Structure formats: structure tokens, C-alpha cells
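Please consult the sequence and the structure alongside the text.

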Amino acid sequence: MSDLYAQMKNRRSNKVQDFKINIIMDQMNSEESASLLAALHDRDIPHVAISEVLHRNGHSVSPNAVANWRRVHRGQVDE
């Protein structure tokens, strides 16, 4: 059996993960990106609502990806 820990450690060092939300914002024009950023910081908008609206506009992202972004960039997840 191979060393699973070594495989995982090597994979991690070879690939830097970016947030799906950041990738989507990079593809948007400045107005859309600012609108998304405002929604991400608005605690009254649930993760699933952001995910659904982005999906309807051609950007596939899960509610969990939205929550992950919020957890790191806003400091908490409250939905």
C-alpha cells in the first residue's frame, strides 16, 4: 500500500486552490463583480440565493462554495 499522507501532501503543494467565487468575479465586468460582492457581504441574502442567481446567469457554483467564500472573507457563516 502506498503512503496516502505523502500523496496528499504532494498534491497540495502542486496545486493552489482558489475560491470559485473569485474565479467568477474575475470573469465579470466591474459592475457585476461589485454587485456580487455586495450580495456576498449582505447577511440577509442566503448562500443558496446567490448560488441560484449566479447559475441562472451562467456561473455554476454551489451554496457551499458561497459559504466557504463568506467564511473566509466575511469572518462568519450565519445561514
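Helix α5 (residues 63–73) has as its buried residues Ala65, Val66, Ala67, Trp69 and Arg70, where buried means under 20% relative accessible area with a 1.4 Å probe and protein chains only. These buried residues pack against α2, α3 and α4 (47–56). Helices are DSSP runs of H or I with at least four residues, numbered from the N terminus.

The model is predicted: local features need pLDDT of at least 70 and side-chain atom pairs count only at pLDDT 80 or more, whereas totals for chains, interfaces and linings use all residues. Residues are numbered from 1 along each chain as its sequence is written, and side-chain values use heavy atoms, with hydrogens and water left out.

The pLDDT, the predictor's confidence in each residue from 0 to 100, is summarised below.

| Item | pLDDT |
|---|---|
| Chain | average of 86 |
| Helix α1 (residues 4–14), lowest | mean of 71 |
| Helix α4, highest | mean of 97 |

Helices α2 (residues 20–27) and α3 (residues 30–41) pack at about 150°, with axes 9 Å apart; they are therefore roughly antiparallel (over 145 degrees). Ile21, Ile24 and Met25 of α2 meet Ser33, Leu36, Leu37 and Leu40 of α3, contact being heavy atoms within 4.5 Å.

How values were computed. Axes are lines fitted to C-alpha atoms, for helices over the stretch in contact, and angles run from 0 to 180 degrees between N-to-C directions. Helices (H or I, at least four residues) and strands (E, at least two) are DSSP runs, numbered from the N terminus. Angles under 35 degrees count as roughly parallel, over 145 as roughly antiparallel, 65 to 115 as roughly perpendicular and the rest as oblique. Buried means under 20% relative accessible area, exposed over 50%, partly exposed in between (1.4 Å probe, protein chains only).
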